[in-house]
Amino acid sequence: MAFKRIREYISHPYEHPGEGKLVRKIDFFILTFCCLMYFTNYLDRSNLANAYVSGMKEELGFKGNQYNQINTVFTVGYVVGQVPSNLALYHLKPRIFFPSMMFIWGALTMLTAAVHTPRDIMAIRFFQGIAESSTFVGTHYILGSWYTARELGKRSGIFTSSGLAGTMFGGFLQTAINSSLNGARGMSGWRWLFIIDGLITIPIAIYGLMLFPDTPSTTSAFYLSPSERALAISRVPEVPERRPWNLDFVKRVFSSWYWYGFVMLWIIAGETESFSSNSLLALYMKSTKRYSVAQLNNYPTGVPAVGIVSTLFWATLTDFLGGKRYLVGYWIGITGVVTAAMILNPHASTASIFGAYYWAGTVYACQATFFAWANDAMRWEEDSLRAVVIASMNCGSNAVNAWWSILFYSANFAPRFTKGMWAMIGTSIALVIWTSGLLYMANNAEKKRATEAQVGVGDEQKNFEVGATRDAKV
């Protein structure tokens, strides 16, 4: 039986003729662009940590927790742009909106090469955060518009992994630039990193501008036939849609358990990523003053590498298990408690600390699976509600992270980050509890929807029989 399920999952038989061809097309044109976009998004975002440990700290005279303050300013911009970016997809074609944001953040990345003080970077990173906020939640909204529940987890995993690949590639890129371009035209290697990262963004934006297909109901892509467009629309449940820009919509959002449940889920889960998102391994290594520039950039790339493997594993497994995304919450709870305890151990060896940070990279799996869970749970709800909930998830998480990182993971807390370790233990336990509660709510909602659907079918059958009886009497 298990082997049969695995074979069916891999072969994935489709219900409609031509559906396999359609999925391959949208995989090529949607998934490739979204992955490349997210790759450059994380490449342009993570380069600050690479530059910081590669000479920028000394050249610009960073003091205290200014590095964390810059990350906080970026996060504030990121929060400000979340919900407006997702709602903008109703009024602007994604084919126009996504590439436009890419051009903006690519230009701002290159501008960072000309800074003279940490304050200059703060100003740039605020606006860069606004531009980059469009990618993550916007793509999850687009994926939920095109893919079925059975397809979504794996695609979300591939998309999320592309961002981690950008983080990993950034470390190797800085190493290469530092050895080949450091001092070229009178500029430090870390300045060349920002220029090259920004340039990489431009051709990908042009690709999206030319070939991204928008959504099933609005697409005019030349490579989709009329029958394929109709099939794409039919694959997604038809739900009543209302205009989002009114008071009734706001009331619907804040009276929905989806908003509270999934926003809080991601606020908690987002903080369980703190070891990785705050580049703690790089900061730990920098504080010991025992590592070369190449080692400072290369060794931390193991964290996103582990994250890629974990993300693809859990996304595929939860798809195969019929959408049991909640399992990741329990895995993260165990991981957070154990890895924090390993680092807190006063007798921990260097190998043990490295192992803990690498293991902590597995928590990146929650990005793909929890957003896929939200898409799955709201598949029968109106699109505008789903868009706002997904945007609010990331918005809430980043709003907390704006001060959380300074409070618990400030750069001057290295090497042990003691307060941060205890914070990780607390959030990991909270995640397990919240995941269990959310699972209960989601199961109840699904049972209620199934019951209402059966009642609706019964009423239709009854009306049909009454009508047939009347016709017979006539």
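The following paragraphs lead through a predicted model, from its overall form to individual residues. Because the model is predicted, local features need a pLDDT of at least 70 and side-chain atom pairs count only at pLDDT 80 or more, while totals for chains, interfaces and linings use all residues. Residues are numbered from 1 along each chain as its sequence is written, and side-chain values use heavy atoms, with hydrogens and water left out.

The protein contains 19 helices and zero strands. Here helices (H or I, at least four residues) and strands (E, at least two) are DSSP runs, numbered from the N terminus. The radius of gyration is 24 Å, close to the 23 Å that the globule rule gives for 474 residues, so the protein is as compact as a globular protein of that length. That radius is taken over C-alpha atoms, and the globule rule is 2.2 Å times the number of residues to the power 0.38. Along the principal axes, the C-alpha atoms fill a box of roughly 95 × 50 × 50 Å. Of the 474 residues, 55% count as buried; buried means under 20% relative accessible area, exposed means over 50%, and partly exposed lies in between (1.4 Å probe, protein chains only).

On a 1 Å grid over the protein atoms alone, a cavity is a set of points where a 1.4 Å probe fits but cannot get out, and lining residues have an atom within 4 Å of a point. Grid points are joined across faces, edges and corners, and a volume is the space filled by probe spheres set on the points. The largest cavity holds about 870 Å³ of space. Its lining comprises 43 residues, of which Tyr42, Ser276, Ser277, Asn278 and Tyr364 lie nearest the centre. Helix H2 (residues 19-60) gives the most to this lining, with eight residues. By class, the lining of the largest cavity has 21 nonpolar, 19 polar and three charged residues, where Ala, Val, Leu, Ile, Met, Phe, Trp, Tyr, Cys and Pro count as nonpolar, Asp, Glu, Lys and Arg as charged, and the others, Gly among them, as polar.

Tyr42 also belongs to an aromatic cluster, together with Tyr38, Phe136, Phe159, Trp257, Tyr258, Phe262, Trp266, Phe370, Phe371 and Trp373. Arg45 lies over the face of Tyr42, at 4.6 Å from the ring centre. A charge sits over a ring if NZ of Lys or CZ of Arg is within 6 Å of the ring centre and within 35 degrees of the ring normal.

Rings of Phe, Tyr and Trp (its six-membered ring) pair if their centres lie within 6.5 Å; planes under 30 degrees apart count as stacked, over 60 as edge-to-face and the rest as tilted. By this rule the count comes to 39 aromatic pairs. One of them joins Trp190 and Phe194 edge-to-face, at 6.1 Å centre to centre and with 90° between the planes. Both residues lie in helix H7 (residues 189-211), four residues apart, about one turn of the helix. Trp190 and Phe194 are both buried.

The backbone also deserves attention. Most residues other than glycine have a negative phi, and most peptide bonds are trans. Arg185, in the loop between helix H6 (149-180) and H7, has a positive phi near 55°. At 80% relative accessibility, Arg185 counts as exposed. Phe417 has a positive phi of about 50°, although it is not a glycine. At 0% relative accessibility, Phe417 counts as buried.

Phe417 lies in the loop between H18 and H19, and Pro415 is found in that loop, between helix H18 (383-409) and helix H19 (418-473). A cis peptide bond joins Ala414 and Pro415, with omega about 10°. Ala414 is buried, with a relative accessible area of 19%. Ala414 and Ala368 are 46 residues apart in sequence and 30 Å apart in space, C-alpha to C-alpha.

Thr335, in helix H15 (residues 327-344), is buried at 0% relative accessible area. The C-alpha atoms of Thr335 and Ile425, 90 residues apart along the chain, are separated by 9.3 Å. Arg290, in the loop between helix H12 (280-288) and helix H13 (293-298), is exposed at 52%. The C-alpha atoms of Arg290 and Ser54, 236 residues apart along the chain, are separated by 14 Å.

Technical notes:
1 Å grid on protein atoms, 1.4 Å probe; cavity = no way out; pocket = protein on both sides within 12 Å on 5 of 7 lines; lining within 4 Å.
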